[in-house]
Amino acid sequence: MDETVAEFIKRTILKIPLNELTTILKAWDFLSENQLQTVNFRQRKESVVQHLIHLCEEKRASLNDAALLDIICEDVDLFDMKQFKNSFKKILQRALKNVTVSFRETEENAVWIRIAWGTQYTKPNQYKPTYVVYYSQTPYAFKSSSTLRRNTPLLGQALTVASKHHQIVKMDLRSRYLDSLKAIVFKQYNQTFETHNSATPLQERSLGLDINMDSRITHENIVEKERVQRITQETFGDYPQPQLEFAQYKLETKFKSDLNGSILAEREEPLRCLIKFSSPHLLEALKSLAPAGIADAPLSPLLTCIPNKRKNYFKIRDK
Amino acid sequence: MAGILAPGLGVLAHLERLENQMSRSRKQSEEPQSVQAQERVLGTKIQKLRHLRDDLKAAVRHRRGSVKACIANVEPNQIVEVNEQEALEEKLENVKAVLQAYHFTGLSGKLTSRGVCVCINTAFEGNLLDSYFVDLVIQKPLRIHHHSVPVFIPLEEIAAKYLQTNIQHFLFSLCEYLNAYSGRKYQADRLQSDFAALLTGPLQRNPLCNLLSFTYKLDPGGQSFPFCARLLYKDLTATLPTDVTVTCQGGEALSSSWEEQRASHETLFCTKPLHQVFASFARREKLDMSLVS
């Protein structure tokens, strides 16, 4: 048996939870009943996997057999809206006796959830609800910021279990515009593609300079202007930027200075400071910095990575 | 000449000198003449050449004039130019049409400055459906710059498996998923739009269109009990369901004919596309109606 095939089978089997292993191996129908009986499924998973690989080798498993096992194991998401809603509601109601949960489905495969929180002893507060938008069959949900800290873990748990995922992670991305958050998270903010049918060739760019100007006037630094324009276009693209209001950087770094013997440079502890950029449309503002001459092109990657890294809250420490 | 006539040398030498002097001066008086003659000869030559030049210039002017007159009077030259332009335009249109036709192959691409932009055109049963794009950057490692694949298609998983090692497999796998999704979506859309009369409730569907449930009646407005169908498509690369459950909403024990129908419906949903099953229901209904009346 090929080493790559062995590795492939090993990784596929490792992904299967132990309680489903026998069912899946039976469905695979590659190892015989006798062979499966020799395996002790109660030992540690690694040992079980080792034994199974050994049996596969004995039977000379091919790449096709491995691929078949892969298909059987594929974790297909059969999202059932009714099941999700019931499950979600049950989890919250079991934990907090007093909670109001309502759902509204929209056309875009999104379900809006409104949760009014109470406690074991108090009625739900209808004036401070949390809103969650869950996009079914994707691993993302968007939550409004009006949640008391103590309710957040419970909300996370309800979402995770109801959507049949394994864990939930908070992303450092916040904005007032749900559409922009969606565009960034689903990586759909650049939807212009080069095709053979596109009417305007993408190579043409207007320099933004006044072409109809008097021909007696020339730009002395036209080369530099063109360079800046090109770099800006490469970094930010031709498309409208998603709308964010803030970018926040928490720095915990040591002070770096060219001068020797500077007091700050001698500090052992890192400096802590918070830098916050705010704007009605932050990404468009950043895009216009270099062409306006306010900053050098290319801009710092810390600023340009925001849509790519899907975060606008950063913690920066010395490596 | 003072001096005694020395015999021999002196006088004769002197005479020779005088003779030479005379012949030199004669020569000098002769040269301007030859020079003049030469000048005269050259002068005539120059004049001849000037005449020749003027004649040639006149001839050129004349030729040009006649050519222009030709063009003005006769069209054939213009027509040749126009034909060339038309031929070029036709060629351009042909090339554009060929490039557009690539859409029908289902998988096409265009080179970009960074790499290639792949276009996947999905189709089902001969109907051209949605197109999806994947813009690849050719670097080590190969990466996806941006794409228009819907969020619920496991693009990242497929890329993790195949993008770096076997790009063909990556593209074909992605094509499989997208075509299957398009096909399932098409069937669900057709059911909702064309056979709404046979449905007794809204069609429940999820984003991947791999779990559909609906209730339907064979004779809308009739007395029969509606059927409940639940279609599970566990294989995301297929357009037919893997599990079908059909139940009768009556809640009562089914008569044997109803049971037969229920079982046959289950088989139908497993083997034929959804909208075709309903088309056969509609046809049967028409047949029954015509028989009755």
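## A sheet in chain B

B:Leu211 stands opposite B:Leu232, a residue of strand 7 of chain B, in a model that is predicted, so that local features need pLDDT of at least 70, side-chain atom pairs count only at pLDDT 80 or more, and totals for chains, interfaces and linings use all residues. Residues are numbered from 1 along each chain as its sequence is written, chains are lettered from A and ligands numbered from 1 in the order in which they are written, and side-chain values use heavy atoms, with hydrogens and water left out. Helices (H or I, at least four residues) and strands (E, at least two) are DSSP runs, numbered from the N terminus, and two strands pair if DSSP finds at least two bridges between them.

The open sheet in chain B has 4 strands in the order 5-6-7-8, with antiparallel pairing, and its edge strands are strand 5 (204-205) and strand 8, each of which pairs on one side only. Strand 5 of chain B is joined to strand 6 of chain B by 2 bridges, and B:Arg205 stands opposite B:Leu212 in strand 6 of chain B. Strand 6 (residues 211-216) of chain B is joined by 6 bridges to strand 7 (residues 227-232) of chain B, the two running antiparallel. Strand 7 of chain B is in turn joined by 6 bridges to strand 8 (residues 243-248) of chain B, again in the antiparallel sense, and in strand 8 of chain B the bridge partner of B:Ala229 is B:Val246.

Helix 5 (residues 256-271) of chain B lies across strand 6, strand 7 and strand 8 of chain B, and runs at about 155° to strand 8 of chain B; axes here are lines fitted to C-alpha atoms, for helices over the stretch in contact, and angles run from 0 to 180 degrees between N-to-C directions.

## A sheet in chain A

Chain A has an open sheet of 4 strands in the order 1-2-3-4, with antiparallel pairing. Strand 1 (99-105) and strand 4 (140-143) of chain A stand at the edges, each with a single partner strand, so one side of each is left without a neighbour in the sheet. From one strand to the next the twist averages 20°. Strand 3 (residues 130-135) of chain A pairs with strand 4 of chain A in the antiparallel sense over 4 bridges, and A:Tyr134 stands opposite A:Ala141 in strand 4 of chain A.

Helix 6 (residues 81-95) of chain A packs on this sheet, touching strand 1, strand 2 (110-117) and strand 3 of chain A, and its direction makes about 165° with that of strand 1 of chain A. A:Lys85 forms a salt bridge (a side-chain nitrogen of Lys or Arg within 4 Å of a carboxyl oxygen of Asp or Glu) with A:Glu105, the closest N and O atoms being 2.7 Å apart. Because A:Lys85 lies in helix 6 of chain A and A:Glu105 in strand 1 of chain A, the pair ties together parts that are 20 residues apart in sequence. Over all chains, the count comes to 18 salt bridges.

## Where the chains meet

In chain A, 22 residues are in contact (heavy atoms within 4.5 Å) with 30 residues of chain B. The area buried between chain A and chain B, which is the accessible area (1.4 Å probe) that two parts lose on being put together, summed over both, is about 2,400 Å², and carbon and sulfur atoms give 56% of this area. A:Phe193, A:Glu194 and A:His196 supply 27% of the area that chain A buries against chain B, more than any other three residues.

Across this interface the rule finds 2 salt bridges, and the side chains of B:Arg230 and A:Asp80 meet in a salt bridge, at 3.1 Å from N to O. Side chains of opposite charge can pair when their charged atoms come close.

Most residues other than glycine have a negative phi, and most peptide bonds are trans. A cis peptide bond, with omega about 0°, joins A:Ala297 and A:Pro298, and A:Pro298 is placed in the loop between helix 10 (282-289) and helix 11 (301-304) of chain A. Another cis peptide bond joins B:Lys140 and B:Pro141, with omega about 0°, and B:Pro141 is found in the loop between strand 3 (127-137) and strand 4 (143-147) of chain B.
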